[in-house]
Amino acid sequence: MTPPDEHSQADTTLAAPPPQCPAHAYGPGGLARLYGPTAEADPMGLYEQLRDRHGAVAPVLLHGDLPAWLILGYRENLDVTRTPSRFSRDSRIWRDMREGKLTPDHPLAPISTWQPICAFADGQVHERWRGAINDSLGRFDRRGVRRHITRFADQLVDTFCLKSSTDLVHEFAEPLPMLVMTQLLGMPEEYGPRLVKAARDMIKGTETAVASNEYVQEALRKLVARKRTDPGPDLTSWLLEHSSELTDDEVQQHLRLVLIAAFETTANLIANTLRMLLTDPRCRANLAGGHMTLPDAVEQILWDEPPFTTILGRWATQDTELAGQKIKAGDALVLGLAAANVDTAIRPDPTTPVHGNRSHLAFSGGAHECPGQDIGRAIADTGIEALLNRLPDIQLAVPEDELRWLSSLMSRHLVDLPVKFTAQQPLPAEQTKPALTAAPATPHELERNSAPEQPTAIPAPPARASGTRASWWTSLTRWFRRR
């Protein structure tokens with residue numbers, strides 16, 4: 001067995017024990033596995049065990065017992081994300097990749113094999129690709145995007161509002177981000193349901209992850225080809241016409257990056273925020289008393305339950321040292337976002353609210369910090385507000401301790417979120433009809449928060465007639481006054 005301080009040379013040919021065996025939690029050299037039933041049952045517990053044993057940087061094993069370093073400390077995560085000269089995003093540096101241990105059918109292949117996208121580049125190449133993404137995302141009119149979110153949220157609520165009960169994970173949290181993002185990318189709405197399944201399957205690193213990735217790639221390949229000849233006011237068209245002159249393949253790969261990242265992070269963010277609102281009396285009291293807003297609640301979740309628990313990865317460009325650990329050139333590093341957010345060096349008391357504080361690492365950090373995080377926040381808080389305005393008396397339908405979770409290397413998400421409520425009538429069809437994506441806005445227009453010219457006007461959110469049911473905020477305030 002290879003000792004922990006030499007884990008980069010660990011023997012990965014040893015067969016893993018059966019999943020049910022307690023030994024499955026550890027591999028060669030006694031290193032903890034970040035995959036398998038034990039790791040996935042309680043990832044936060046595992047992170048704290050590793051922190052106690054190794055400090056801010058811990059040696060671990062990835063799928064197939066590939067060695068890596070898990071970065072647990074807040075400052076250490078920032079150090080890694082801010083020094084690309086030492087820790088690169090180019091996965092071709094990865095020793096195991098160069099030695100052929102990352103085969104095309106490996107579960108981590110879809111998220112670690114080098115691709116022509118900004119997430120796998122540094123320096124000028126990264127600036128070129130990332131600049132195209134930033135400029136194109138910046139062309140969306142913020143108010144127009146929120147109208148889309150409200151419209152899709154209302155459409156989803158209409159599918160279950162007569163039933164008095166639903167599962168908010170599968171019927172709301174998962175489809176909403178994909179519906180919004182397919183609209184912003186310029187895709188037909190019918191792509192949404194299957195893309196939801198493929199995206200989640202790919203992120204989880206399952207045996208079918210490669211096939212799911214192929215489905216996503218083919219859908220985006222067809223989209224790029226269509227937008228070459230028939231452009232519109234959407235992200236795909238804007239990337240194609242950007243001054244950086246991206247190739248069709250570069251556009252396709254960046255659309256995949258945006259789509260998958262936005263889906264997984266936002267779906268988890270919506271589900272986790274709704275769970276907190278439905279189960280945490282302190283949160284509801286703060287909202288009802290005006291001490292916290294819905295965006296504050298979203299930000300609290302980003303601290304406590306970030307959508308991505310970890311991110312693979314960074315790769316060491318040289319022999320170096322981090323938190324006392326000797327990192328060798330070609331080693332893989334995994335950003336421990338969830339662990340960093342509860343590092344006592346920055347949060348001595350994790351129960352203290354952090355309203356208004358955006359210094360968490362939920363969206364990573366440095367030059368590769370998520371470019372679409374504001375769209376993700378908008379989908380979460382606007383969508384949740386639309387849901388709660390429609391169903392003001394919504395409540396959890398099962399005891400909180402019956403909620404189930406699934407974890408993978410990069411994320412932990414609710415399996416379902418059963419709720420019950422008073423049945424409501426769907427909105428009139430004309431109030432949730434499709435709308436065109438907002439046309440381009442110049443930076444000056446965005447600064448003035450002025451709506452740009454549009455080829456077709458975007459319908460305003462449906463007006464609530466006087467005398468209808470009270471808003472969720474009003475109902476919640478009244479509920480607390482009655483307590």
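Guide: Here is a walk through the model, one topic at a time.

Visitor: What kind of model is it, and how are the residues numbered?

Guide: This is a predicted model, where local features need pLDDT of at least 70 and side-chain atom pairs count only at pLDDT 80 or more, while totals for chains, interfaces and linings use all residues. Residues are numbered from 1 along each chain as its sequence is written, and side-chain values use heavy atoms, with hydrogens and water left out.

Visitor: OK. How many helices and strands are there in the protein?

Guide: The protein has 19 helices and 13 strands. Helices (H or I, at least four residues) and strands (E, at least two) are DSSP runs, numbered from the N terminus.

Visitor: And what share of the residues is buried?

Guide: Of the 483 residues, 57% are buried. Buried means under 20% relative accessible area, exposed means over 50%, and partly exposed is in between (1.4 Å probe, protein chains only).

Visitor: Which residues touch the most other members of the largest nonpolar core?

Guide: Leu168 and Phe172 do, in a core of 84 residues. H13 gives the largest share of this core, 15 residues. A nonpolar core is a set of buried Ala, Val, Leu, Ile, Met, Phe, Trp, Tyr and Cys residues joined through side-chain atoms within 4.5 Å.

Visitor: At what angle do H11 and H13 cross?

Guide: Roughly 125 degrees, and the axes of helix H11 (residues 209-229) and H13 come within 9 Å. Axes are lines fitted to C-alpha atoms, for helices over the stretch in contact, and angles run from 0 to 180 degrees between N-to-C directions.

Visitor: So what do you call that arrangement?

Guide: H11 and H13 are therefore oblique to each other. Angles under 35 degrees count as roughly parallel, over 145 as roughly antiparallel, 65 to 115 as roughly perpendicular and the rest as oblique.

Visitor: Now H15. Why is H15 said to be largely enclosed?

Guide: Because nine of its eleven residues are buried, H15 is largely enclosed by the rest of the structure. Among the buried residues of H15 are Asp296, Gln300 and Trp303.

Visitor: How does H15 pack with H17?

Guide: Helix H15 (residues 294-304) and helix H17 (residues 373-390) pack at about 130 degrees, their axes 10 Å apart. H15 and H17 are therefore oblique to each other as well. On the H15 side, the contact is made by Leu294, Pro295, Val298, Glu299 and Leu302, and on the H17 side by Arg377, Ala380, Asp381, Ile384 and Glu385.

Visitor: What about glutamine 373?

Guide: Glutamine 373 is in helix H17, and with 13% relative accessibility it counts as buried. Glutamine 373 is 112 residues from alanine 261 in sequence, but the two are 9.6 Å apart in space, C-alpha to C-alpha.

Visitor: Where is glutamate 245, and is glutamate 245 buried or exposed?

Guide: Glutamate 245 is in the loop between helix H12 (235-240) and H13, and at 64% relative accessibility it counts as exposed. Phi of glutamate 245 is near 55 degrees, a positive value in a residue other than glycine.

Methods
Contact = heavy atoms within 4.5 Å.
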